[in-house]
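Please keep the sequence and the structure in view while reading.

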Amino acid sequence: MLGHPEHLISRTELDHAVPKRRGAVRDQLDNLIDAGILDLYRHEPSETTRDYPSKFYGLTERGVEILYEYNYLRGVPVARALYENTRKSAKVERHENAPRPELPDAVREALSTADEREQTA
């Protein structure tokens, strides 16, 4: 999730990246949502579009605060490089390029790299 260019990841992308049973991943996602660390973001226009996901998992402001507290945000550029260099199926690439909802500004800013901040300035 930290490596994804939009920091919002579909279930298909997550299943590709995490080599665990779907049920185990779903349980962990549910636990993180219940704890307020992740949220399920919806992109309603994609609900009726074939081959595009409409549900994405992403961090909340609380999730970003926790990552910041433990210095994990330093790893965003490395996570991004790993994600970009991972071989993906056509379906995963389609999901990666699908339209997504907007993250809250505070979350997007916290997860952006220095290069991305310079581009928007």
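A residue is called buried when its relative accessible area is under 20%, exposed when the value is over 50%, and partly exposed in between, with a 1.4 Å probe and protein chains only taken into account. At 0% relative accessibility, Phe56 is therefore a buried residue. The model is a predicted one, in which local features need pLDDT of at least 70 and side-chain atom pairs count only at pLDDT 80 or more, while totals for chains, interfaces and linings use all residues. Residues are numbered from 1 along each chain as its sequence is written, and side-chain values use heavy atoms, with hydrogens and water left out.

**Overall architecture**

- The chain has seven helices and three strands; these are DSSP runs numbered from the N terminus, with helices being H or I of at least four residues and strands being E of at least two.
- Read from the N terminus, the order of elements is β-α-α-β-β-α-α-α-α-α.
- The radius of gyration, 14 Å, is close to the 14 Å that the globule rule gives for 121 residues, so the chain is as compact as a globular protein of that length. This radius is taken over C-alpha atoms, and the rule is 2.2 Å times the number of residues to the power 0.38.
- Along the principal axes, the C-alpha atoms fill a box of roughly 35 × 30 × 30 Å.
- Buried residues make up 35% of the 121 residues of the chain.
- A contact requires heavy atoms within 4.5 Å. Among contacts between residues at least 6 apart in sequence, 67% join residues at least 24 apart.
- The chain exposes about 7900 Å², of which carbon and sulfur atoms supply 48%; accessible areas come from the Shrake-Rupley method with a 1.4 Å probe, and for residues only the protein chains shown count as cover.

**The nonpolar core**

- In soluble globular proteins, nonpolar side chains tend to be buried together.
- A nonpolar core is a set of buried Ala, Val, Leu, Ile, Met, Phe, Trp, Tyr and Cys residues joined through side-chain atoms within 4.5 Å.
- The largest such core in this chain has 18 residues, and those with the most contacts inside it are Leu29, Leu59, Val64, Leu73, Val107 and Leu111.
- At least two residues of this core come from each of β1 (8-10), α2 (22-34), β2 (38-42), β3 (55-59), α3 (61-69) and α6 (105-111). The largest share, three residues, is supplied by β3.
- Beyond its neighbours within four places in sequence, Leu29 is in contact with Arg11, Leu14, Leu38 and Tyr57.

- Gly63, Val64 and Leu67 are buried in α3. They cover an arc of only 100° around the axis, which puts them on the same side of α3; the arc is that of the directions from the helix axis to the C-beta atoms.
- An α-helix has 3.6 residues a turn, so residues three or four places apart point the same way.
- The buried residues of α3 pack against β3 and α6, whereas the face turned away from the buried side carries the exposed residues Glu65, Tyr68 and Glu69.
- Asn71 follows α3 and has a positive phi, near 60°.

- Ser10 lies in β1 and counts as buried at 1% relative accessibility.
- The side chain of Ser10 makes a polar contact with the side chain of His95 at 3.1 Å. A polar contact is a pair of N or O atoms within 3.5 Å; within protein, one must be able to donate a hydrogen and the other to accept it, and residues adjacent in sequence count only if both atoms are side-chain atoms.
- Phe56 lies in β3. Leaving out residues up to four places away in sequence, Phe56 touches several residues, including Leu8, Ser10, Leu40 and Pro99.

**A buried lysine in a loop**

- Lys88 is found in the loop between α4 (76-84) and α5 (90-96), and this residue is buried, with a relative accessible area of 14%.
- The side chain of Lys88 reaches the backbone oxygen of Tyr83 at 2.7 Å and that of Thr86 at 3.3 Å.

**Positive phi values**

- Most residues other than glycine have a negative phi.
- His7, in the segment before β1, has a positive phi near 60° and is buried at 3% relative accessible area.
- Asp51, in the loop between β2 and β3, has a positive phi near 70° and is partly exposed at 40%.
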